[in-house]
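Open the structure in your viewer and keep the selection tool ready. This tour goes stop by stop.

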Amino acid sequence: MRPARLTALAAVAVLALAACAPADDPAGGTTDDGTLPTLTPGVLTFATSDPAYEPWVVGNDPASGEGFEAAVAYAVAEELGFAADQVEWVTASFDQIIAPGAKKFDVAVNQVSISDERRANLDFSSPYYTTSQAVVTLAGSAVADATTLAELQGARIGAMVGTTSLTAAQQIIAPDANVSVFNDNDQVKQALTSGLVDAVVVDLPTALYITAAELDDGVLLGQLPDSAGGDEFGLVLDKGSALTSAVSAAVDALREDGTLADLEARWLTDAAGAPVLT
Amino acid sequence: MSAPAPAGSPAAPGGWSPSAVQRERDAYRRSRARRSTLAALVSTLALATVVVLGVRAAPGWPRVRASFLDPAVALESLPTVLEGLWLNVRVMAVCAVLVVVVALALALARTLHGPVFLPLRLLATAYVDVFRGLPLILVLLLVGFGLPGLRLHGVPTSAVVLGGLALVLTYSAYVAEVFRAGIESVHPSQVAAARSLGLTRGQTLRHVVLPQAVRRVVPPLLNDLVSLSKDSGLISILGAVDAVRAAQIATATHANFTPYVVAGVLFVLLTIPLTRLTDALARRSGWLGAQSGLAGAGALR
């Protein structure tokens with residue numbers, strides 16, 4: 001019996017190795033007629049989060065083109081030669097964006113800040129927007145009259161996980177109690193309204209939007225002083241993607257001909273009036 | 001049978017030394033043992049080789065390895081993940097004690113006899129049904145965001161306290177059922193014998209039923225404790241930074257998944273000593289109840 005058993009084991013081992021053979025790679029790199037090598041030929045696929053927040057996307061419907069990031073996406077697509085009906089949208093969480101392996105999108109747009117640490121694992125386009133962080137609280141809270149950073153140190157601060165708002169809160173405000181970390185901006189707002197935290201840190205356009213439209217008695221205390229020129233948002237592509245240089249060039253072209261400035265003026269409230277906390 | 005000991009063999013203190021047949025038998029057994037160890041080693045190495053070769057043959061492996069097993073990122077994220085793990089441990093320790101107390105009270109309430117205790121039994125049953133039916137994450141959200149929203153005086157607003165409260169509420173329902181099963185598994189002859197000795201119901205419970213019941217349910221209780229150590233991380237939904245949340249923050253900072261692997265390894269390292277310690281305690285104190293012939297004899301294999 002032993003030789004038969006050994007043969008059987010050997011056969012299983014060979015089968016296992018064979019089963020791990022690499023899947024057929026689709027022809028990557030250039031295509032025949034010089035069009036961009038997107039996931040689906042002739043279609044540019046964008047990814048954003050679900051839910052997508054205002055003023056970046058209006059009504060959680062990026063396909064409508066309404067909202068700053070949705071508008072930027074369609075402008076970039078047009079610059080690259082894709083008409084509005086050649087643009088597809090999918091949803092992707094931040095973890096799905098950074099995961100290795102085949103992506104289900106070409107470009108991700110979701111207020112992702114460019115940083116050197118992230119560059120090691122992701123490709124970024126040129127920045128399409130620069131922003132700073134702001135502190136929001138409710139009227140009647142313990143810190144509603146604060147005008148300096150020192151007054152915020154005793155407060156309970158909240159921010160969304162994985163954002164530069166969190167890092168800014170931890171490094172610039174550096175409160176005595178640990179900064180509370182929440183899954184997404186919806187829960188950050190809920191924490192503020194239910195009293196789990198006294199104040200929250202979000203990026204300035206979001207802060208202007210929620211104090212104007214979403215929170216009752218919301219108060220924008222001010223911007224946090226910039227550490228290095230502010231946060232730059234960039235479009236995210238797979239590491240080593242063939243589209244990165246084309247997309248970067250498109251963003252640069254949009255900036256040069258003033259399209260980005262027009263979109264900012266249309267969708268993002270004027271941020272000039274927000275005071276800077278010192 | 002009674003072959004004389006050969007001249008050269010060492011004499012044991014009692015004058016006995018193994019015979020030639022015995023020594024031959026021992027040698028044979030040793031050679032068989034060596035052979036089976038060798039076979040086990042070879043087959044393990046063969047399987048490991050197949051697995052490793054198979055994984056490395058995958059085209060995405062270098063990228064996955066860089067994304068999940070990056071030593072530099074692991075080292076950088078280790079301090080914050082350890083700090084988060086310390087929160088997990090503290091929450092687990094405090095909640096475990098509270099859960100056992102509340103669950104025991106619930107189990108006893110459900111086993112009370114007598115019509116006058118009906119409201120108590122009904123309340124306990126309703127509590128257990130409701131909190132076993134509600135998903136833990138819903139209880140966390142309701143307690144964590146809803147309770148402070150009532151703005152009553154004296155309601156805690158710390159994420160850790162509220163999260164711990166939600167954990168205690170939910171887990172005590174599960175553990176109460178475990179205790180009740182233990183109590184009802186004690187043979188009725190024990191209760192009858194206690195009664196014939198003149199013990200009241202309360203004394204029977206305290207001196208006869210509960211000690212046996214608790215010893216019987218130690219393995220499933222340990223299961224629940226390990227599960228609690230993982231679920232203690234869910235309080236991060238209310239803002240507290242536990243090990244998994246700290247790993248998530250580090251992942252977002254570096255766009256690399258290695259901190260999750262670090263947190264996973266730390267959790268496993270946390271659980272293993274817990275289970276080995278309780279196994280050893282149980283074996284030494286003879287808690288394995290029905291599996292041992294005599295109390296204190298340990299498990300008979």
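In which sense do E5(A) and strand E9 of chain A pair, and over how many bridges? They pair in the antiparallel sense, over five bridges. Bear in mind throughout that this is a predicted model.

**Stop 1: strand E5 of chain A**

Select residues 133-138 of chain A, which form strand E5. Six of the six residues are buried, so the strand is largely enclosed by the rest of the structure. Now show the side chains. A:Gln133, A:Val135 and A:Thr137 point one way from E5(A). A:Ala134, A:Val136 and A:Leu138 point the other way. Both sets are buried.

Residues 218-223 of chain A are strand E9. Look for A:Leu138, which stands opposite A:Gly218 in E9(A).

**Stop 2: helix H2 of chain A**

Select residues 68-79 of chain A, helix H2.

Is H2(A) mostly buried or exposed? Of its 12 residues, 10 are buried, so H2(A) is largely enclosed by the rest of the structure. Colour the buried ones: among them are A:Phe68, A:Glu69, A:Val72, A:Tyr74 and A:Val76. Several alanines belong to the buried set too, including A:Ala70, A:Ala71 and A:Ala73.

**Stop 3: two cis bonds in one loop**

Step back to the loop between strand E1 (44-48) and helix H2 of chain A. Select A:Asp50 and A:Pro51. A cis peptide bond joins A:Asp50 and A:Pro51, with omega about 5 degrees. A:Pro51 is found in this loop. Now move to A:Glu54 and A:Pro55. The peptide bond from A:Glu54 to A:Pro55 is cis, with omega near -5 degrees. A:Pro55 also has its place in the loop between E1 and H2 of chain A.

**Stop 4: two positive phi angles**

Select A:Gln111. Its phi is positive, about 50 degrees, although A:Gln111 is not a glycine. A:Gln111 lies in the loop between strand E3 (107-108) and helix H4 (116-119) of chain A. Is A:Gln111 buried or exposed? A:Gln111 counts as buried, because 22 C-beta neighbours fall inside 10 Å.

Go on to A:Ala174. A:Ala174 is not a glycine, yet it has a positive phi of about 50 degrees. Find it in the loop between helix H5 (164-173) and strand E7 (180-182) of chain A. With 12 C-beta neighbours inside 10 Å, A:Ala174 counts as exposed.

**Stop 5: packed helices in chain B**

Two packed helices are described by the angle between their axes and the distance between the axes. Switch to chain B and select helix H3, residues 71-111, with helix H6, residues 159-185. H3(B) and H6(B) pack at an angle of about 45 degrees, with their axes 6 Å apart. That makes H3(B) oblique to H6(B). The crossing of H3(B) and H6(B) is right-handed. In the contact of H3(B) with H6(B), 19 residues are nonpolar, three are polar and two are charged.

Finish with helix H4 of chain B, residues 118-133. H3(B) and H4(B) pack at about 130 degrees, with their axes 8 Å apart. H3(B) is therefore oblique to H4(B). The crossing of H3(B) and H4(B) is left-handed.

Key: Residues numbered from 1 in each chain as written. Chains lettered and ligands numbered in written order. Predicted model: local features only at pLDDT ≥ 70, side-chain atom pairs only at ≥ 80, totals over all residues. Helix = DSSP H or I, 4+ residues; strand = E, 2+ residues; numbered from the N terminus. Buried ≥ 20, exposed ≤ 12 C-beta atoms within 10 Å, placed from the backbone. Pairing = 2+ DSSP bridges. Axes fitted to C-alpha atoms, helices over the stretch in contact; angles between N-to-C directions. Parallel < 35°, antiparallel > 145°, perpendicular 65-115°, else oblique. Left-handed = near helix turned anticlockwise from the far one by under 90°. Nonpolar A, V, L, I, M, F, W, Y, C, P; charged D, E, K, R; others polar.
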